Amino acid sequence: MVDKTVAFEGTDGKVLVSACLAGVPCRYDGRAKAARVVGGLVAEGRGVVVCPEGAGGLPTPRPAAEIVGGNGADVLDGRARVVDATGADRTEEFVAGARAALAAAEAAGARRALLMARSPSCGCGEVYDGTFGGTLRPGDGVTAALLRRAGIAVEAV
């Protein structure tokens, strides 16, 4: 389990969490990236576990994907696309997964989210630039952008 020391004090109620951070092997490479803080929220019954990419219909494992032409907000506004390493357009699945994550947060009353850093779905503050070269650009993933628009505070782990 990854020991991420994320300050999450003063948070009452449910918290939406990326499933891979809760130990679910759902990342594109079929692995998890468990984080202690997320495991603690789940153990307390406060973590609302979701994998937006799986919820959007993508299999595990799957080719890596990146946002081409912008960031998650641009995807939501139709100005950018999510494309996987094979060149397949996965925008529809990423948007559907973001909507499913938002629905889960709203159903649980979650006003905060702890999400997987740099992911094209869950990335908060920075995402890969769409070249598959490991370069980061400012911005959020599709799910993080949609959650922010709904007034849910997001934080990367």
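Two strands count as paired if DSSP finds at least two bridges between them. Helices (H or I, at least four residues) and strands (E, at least two) are DSSP runs, numbered from the N terminus. With those terms in hand, let's begin the tour.

This is a predicted model, in which local features need pLDDT of at least 70 and side-chain atom pairs count only at pLDDT 80 or more, while totals for chains, interfaces and linings use all residues. Residues are numbered from 1 along each chain as its sequence is written, and side-chain values use heavy atoms, leaving out hydrogens and water.

**The whole view**

Start with everything shown as a cartoon. You will find five helices and eight strands, arranged along the sequence as β-α-β-α-β-α-β-α-β-β-β-α-β. The C-alpha trace spans about 40 × 30 × 25 Å along its principal axes. A compact globule of 157 residues would have a radius of gyration near 15 Å, and the protein agrees with that at 14 Å. Here the radius is taken over C-alpha atoms, and the globule rule is 2.2 Å times the number of residues to the power 0.38.

**The sheet**

Next, select residues 15-18 and 112-115, which are strand 1 and strand 5: they run parallel and are joined by three bridges. Within this pair, L16 stands opposite A113, and V17 has L114 as its bridge partner.

Which order do the strands of the open sheet follow? The four strands are ordered 2-1-5-8, with parallel pairing. Strand 2 (47-50) and strand 8 are the edge strands, each pairing on one side only. From one strand to the next, the twist averages 25°; axes are lines fitted to C-alpha atoms, for helices over the stretch in contact, and angles run from 0 to 180 degrees between N-to-C directions.

Contact means heavy atoms within 4.5 Å.

**Two crossing helices**

Select residues 91-108 and 142-149: the axes of helix 4 and helix 5 come within 8 Å and cross at roughly 45°. That makes helix 4 oblique to helix 5, since angles under 35 degrees count as roughly parallel, over 145 as roughly antiparallel, 65 to 115 as roughly perpendicular and the rest as oblique. Show side chains here: residues of helix 4 including F94, V95 and L102 meet V142, T143, L146 and L147 in helix 5. The contact has nine nonpolar, two polar and one charged residues. Ala, Val, Leu, Ile, Met, Phe, Trp, Tyr, Cys and Pro count as nonpolar, Asp, Glu, Lys and Arg as charged, and the others, Gly among them, as polar.

**Two backbone stops**

Most residues other than glycine have a negative phi, and most peptide bonds are trans. Zoom in on T60 and P61, joined by a cis peptide bond with omega about -5°. P61 sits in the loop between helix 2 (52-55) and strand 3 (65-68). Finish at R118, in the loop between strand 5 and strand 6 (126-128). Although not a glycine, R118 has a positive phi of about 65°.
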